[in-house]
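Subject: Structure handover

Hello,

Here is the structure we talked about. Please open it and keep it beside this email as you read.

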Amino acid sequence: MRELIRTPVTSLYVHVPFCAQKCEYCAFFSEASSGELINRYVNALQRELELVAEDLRPHTIFFGGGTPSLLNLRQWESLLQTMGRLDLLGASEFTVECNPATVSLDKAKLLRGYGVDRISMGVQSLDEKLLDRLGRVHSREMVFKSFDTLRQAGFDNVNIDLMFAIPGQTKDVWRATLDEAIALGSEHLSSYEVIYEEDTPLYAQLNAGEFDVDEDLACDMFEELVQRSGAVGFQQYEIANFARDVRVGQSFKASALIDPLLPALACQHNVNYWRGGDFYGLGPSATGYVRGVRTKNWANTQLYCEQLEKGKRAIESREEFEPLKRAGETAAFGLRMNAGWPFAEFERVTGQDLRREWSADMDSLVQKGWALRSPDRFQLTSQGLRFADTAAELFLR
Ligand SMILES: C[S@@+](CC[C@H](N)C(=O)[O-])C[C@H]1O[C@@H](n2cnc3c(N)ncnc32)[C@H](O)[C@@H]1O
Ligand code: SF4
């Protein structure tokens, strides 16, 4: 029988499971680095790339972690050369996550030279005491210095991650961090309320009664974020994500082509993710979603390396979803974006029609003032976005 022609997957996520030190709040799979294990991981990752390369033509690439910027120049060069040999470079958006403590001009120039065109830098706070409180490895000065270094290396599309509702953070301290972060002039801002993840020191401190959570204060801080970022031209396009809608240098991005309601510099990789697109997920603990199957790699770097050294993918689990269940999850996820769902796009991705299965659910949200429905799209209002998790539950099947 003739083999069906498959269209290659266009999105790649790579997880780098190392950090200089572990932050108090963080549950991402990562560990404090040890030199030899990183070399071994880099080799294993190259084997994994070889195993999927034939089915991959990335338009978007995202190296996240952990701390990808912890890899040294030699490790990055070897990885990027392999990607070049496998014809995996040339994406229209290639992001690498960085920690301000591990940015150098040489490394930034090397990445830029291989086509990395977007950096996402974890800043969290610009208050020295809070940085300490969170167990961050860098000072506020390092943030400013690293940002300059990235600009010097030619990066004109930089995201900054901030966190709010940090224990001990007052409204004034949050305002000061926001204003200083905005003054850096980044093209993109991501800002999340602290999540108390099980098995983190911060979670244990909360349970031990060392501090209280003040939800009203967190709401006020979120309002400040929306107002202050909006006042300087950031457009909110997802609950926690803000981007500029302008051409910056030469790097005009195609996000607005994906959906005219998106700002030009929205993260295309994450938009694909929120909109239920396929992507390969490589590296320890990474999840991927390809042709209806969700895979999860082993969250164990030793085991990950051993599997790939034997020439096998390091997949711990595979899950295939019943189409309506998957479509419901996809609907819920996509509603976190201000642009919501164009009905045609939802049908293209899921094969289901939002207007058939979920009509009554959409109408109930419209009646509450939480959503808007037009002939071609359904989206949450700013009030609805505040209760996005509750709204999203209606779509799960
Ligand atoms: C993988 S980290 C970013 C890059 C780099 N590892 C760093 O921290 O500098 C991704 C982002 O997730 C956010 N994050 C991680 N854990 C969080 C938590 N428990 N609550 C809220 N945001 C969190 C932080 O803003 C962080 O920058
Ligand atoms: S927030 Fe970033 S630097 Fe801190 S432990 Fe998590 S991944 Fe590592």
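Start with two helices, H6 and H8. They are roughly parallel to each other, because their axes cross at roughly 25° and angles under 35 degrees count as roughly parallel. Bear in mind that the model is predicted.

**Helices H6 and H8**

Helix H6 covers residues 171-184, and helix H8 covers residues 215-231. Their axes come within 10 Å. The crossing of the two is right-handed. From H6, the residues in contact are Lys171, Trp174, Arg175, Leu178, Asp179 and Ile182. From H8, they are Leu217, Asp220, Met221, Glu224, Leu225, Arg228 and Ser229. Sorted by class, this contact has 6 nonpolar, 1 polar and 6 charged residues.

**Helices H12 and H13**

Next, find helix H12 (residues 323-334) and helix H13 (residues 343-350). Their axes lie 10 Å apart, at an angle of about 140°. H12 and H13 are therefore oblique to each other. This crossing is right-handed. H12 brings Ala327, Thr330 and Ala331 to the contact. H13 brings Phe346, Val349 and Thr350. The classes here are 4 nonpolar and 2 polar, with no charged residues.

**The sheet S12-S13-S14**

Now look at the strands. Three of them form an open sheet, in the order S12-S13-S14, with antiparallel pairing. S12 (287-290) and S14 (315-320) are the edge strands, and each pairs on one side only. The twist averages 20° from one strand to the next. To see one of the pairs, find Gly288: its bridge partner in S13 is Thr295. As background, strands of a sheet pair through backbone hydrogen bonds.

**The hairpin S16-S17**

Further along, strand S16 (residues 371-374) and strand S17 (residues 377-380) run antiparallel. They are joined by 4 bridges. How many residues does the hairpin use to join S16 to S17? The hairpin uses 2. Ser374 stands opposite Arg377 in S17.

**Around ligand 2**

Last, turn to ligand 2. Which residues surround ligand 2? They are Cys19, Lys22, Cys23, Tyr25, Cys26, Gly66, Thr67, Asn99 and Arg136. This shell divides into 4 nonpolar, 3 polar and 2 charged residues.

Best wishes

Note on methods: Residues numbered from 1 in each chain as written. Chains lettered and ligands numbered in written order. Predicted model: local features only at pLDDT ≥ 70, side-chain atom pairs only at ≥ 80, totals over all residues. Heavy atoms only, no water. Pairing = 2+ DSSP bridges. Axes fitted to C-alpha atoms, helices over the stretch in contact; angles between N-to-C directions. Near = heavy atom within 4 Å. Nonpolar A, V, L, I, M, F, W, Y, C, P; charged D, E, K, R; others polar. Parallel < 35°, antiparallel > 145°, perpendicular 65-115°, else oblique. Left-handed = near helix turned anticlockwise from the far one by under 90°. Contact = heavy atoms within 4.5 Å.
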